[in-house]
Amino acid sequence: MNARHLASFALLMMSICLAGAAQAQGFAGLGSDAEGFQVPKPGTTLSFPRDHGPHSDFRIEWWYVTANLHTEDGTPLGAQWTLFRSALAPGDESGWSSRQIWLGHAAVTTAQHHYVAERLARGGVGQAGVVASPFEAWIDNWRMKPSSSDRGDELGYVDLRASGQDFSYEMTLSAKSPLVLQGDRGYSIKSLAGQASYYYSQPFYDVSGTVTMGGVPVKVSGKAWLDREWSSQPLASDQTGWDWFSLHLPSGEKVMAFRLRDSASGYISANWISNDGTTTPLSANDVLLEPLRKAKVNGKDIPVAWRVRIPSKGLDITTSALNDQAWMATSTPYWEGPISFTGSSAGVGYLEMTGY
């Protein structure tokens, strides 16, 4: 098999792995057996900058940025930048023998439009990858890399860029608050059966930059949120997908909450993040996530408005999508877009919904 055929075969495998062909094994097959791969273990101490880099003995991981932005006249919009790594087999080899496949997603969302782009790449040949220190993540000419020579925190100050048909963006993200370990010191449980991931975030980014749509550049600023997660079996086999919220409160506090849908009542977890980075993990008994309104999106009924309640924190809000039609028409399709919310508090955030 020559290099071109090998690359085509690998990209085909990537599509199979990530396109939801194994729906009986959770969204995009993420509930399938992890045999041969490492699995997250409780009590593991995450280490930086090492864990900013790839973990080739785990089956799946991502570097995920969502940004709530506004133009100089206050018009809201959102941007997404994601790099996924998927392993066809445990371990890694160099060159064309690499078992690693890379997938990039980028999007810009306004009230009227939802622009989406996708990139596929082989590992081992320089087309895509991640280096822990000095940090850099890339696929083709999409890049996430430090914007400052200060290496105190490899992800504290980063430049982000991507482009697709009719859109592009270049943004600088800066955060002075620490990284946030989700779950139990970075060990995030996803089901009653014990599926889990390693998961940390940087939810405190301030953003400035330029978004170009239809050839017209506009200056933007706002807030951004980075999620880093890796696992080999992050879902149970009966979990069909998830509803994930990131919320920026006007107090500077942040909220991360998710519901993993299954054949029973689902699995809910959340984290209340103080503006100094202190976390308060919340269980399913502390959080109520209630869909309020559905919209017809790509022929599917998608819940685009939600009520989110955390009584112990006095939070009772209703979310609204900036654009109901924020459908990611990618190899593995899903809904993701910026939201705003009102109620006991007002603010902005992002909502991702998979498996619908």
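# Exercises on salt bridges and cores

In this predicted model, the side chains of Asp316 and Arg307 form a salt bridge with an N to O distance of 2.7 Å.

**Exercise 1.** Classify Asp316 as buried, partly exposed or exposed, and do likewise for Arg307.

Solution. Step one: the partly exposed class lies between under 20% (buried) and over 50% (exposed) relative accessible area. Step two: Asp316 has 29% relative accessibility, so Asp316 is partly exposed. Step three: Arg307 has 26%, and therefore Arg307 is partly exposed.

**Exercise 2.** Work out which side chains Lys190 pairs with, and state whether Lys190 is buried or exposed.

Solution. Step one, location: Lys190 sits in the loop that runs between strand S11 (187–189) and strand S12 (196–213). Step two, burial: the relative accessible area of Lys190 is 7%, so this residue is buried. Step three, partners: the Lys190 side chain makes a polar contact of 2.8 Å with Ser197 and a polar contact of 2.8 Å with Glu229. Step four, type of pairing: Glu229 and Lys190 also qualify as a salt bridge, at 2.8 Å from N to O. Glu229 belongs to strand S13 (residues 216–231), and the two residues are 39 residues apart, linking distant parts of the chain. Step five: Glu229 has a relative accessible area of 9%, so Glu229 is buried.

**Exercise 3.** Find the strands that the salt bridge between Asp243 and Arg259 links.

Solution. Step one: the side chains of these residues meet at 2.9 Å, N to O. Step three: both Asp243 and Arg259 are buried. Over the whole structure, the search gives 14 salt bridges.

**Exercise 4.** Describe the largest nonpolar core and name the element that contributes most to this core.

Solution. Step one: the core has 57 residues, and the members touching the most others are Leu69, Trp81, Met144, Tyr169, Leu173 and Tyr205. Step two: S12 gives the most, with nine residues. Step three: leaving out residues up to four places away in sequence, Leu173 touches several residues, among them Val65, Val158, Leu160, Tyr205 and Ala224. Step four: a separate core of 28 residues includes Leu289, Val308, Ala326 and Leu351. As background, nonpolar side chains in soluble globular proteins tend to be buried together.

Notes
Residues are numbered from 1 along each chain as its sequence is written. This is a predicted model: local features need pLDDT of at least 70, side-chain atom pairs count only at pLDDT 80 or more; totals for chains, interfaces and linings use all residues. Side-chain values use heavy atoms; hydrogens and water are left out. Helices (H or I, at least four residues) and strands (E, at least two) are DSSP runs, numbered from the N terminus. Buried means under 20% relative accessible area, exposed over 50%, partly exposed in between (1.4 Å probe, protein chains only). A polar contact is a pair of N or O atoms within 3.5 Å; within protein, one must be able to donate a hydrogen and the other to accept it, and residues adjacent in sequence count only if both atoms are side-chain atoms. A nonpolar core is a set of buried Ala, Val, Leu, Ile, Met, Phe, Trp, Tyr and Cys residues joined through side-chain atoms within 4.5 Å. Contact means heavy atoms within 4.5 Å. A salt bridge is a side-chain nitrogen of Lys or Arg within 4 Å of a carboxyl oxygen of Asp or Glu.
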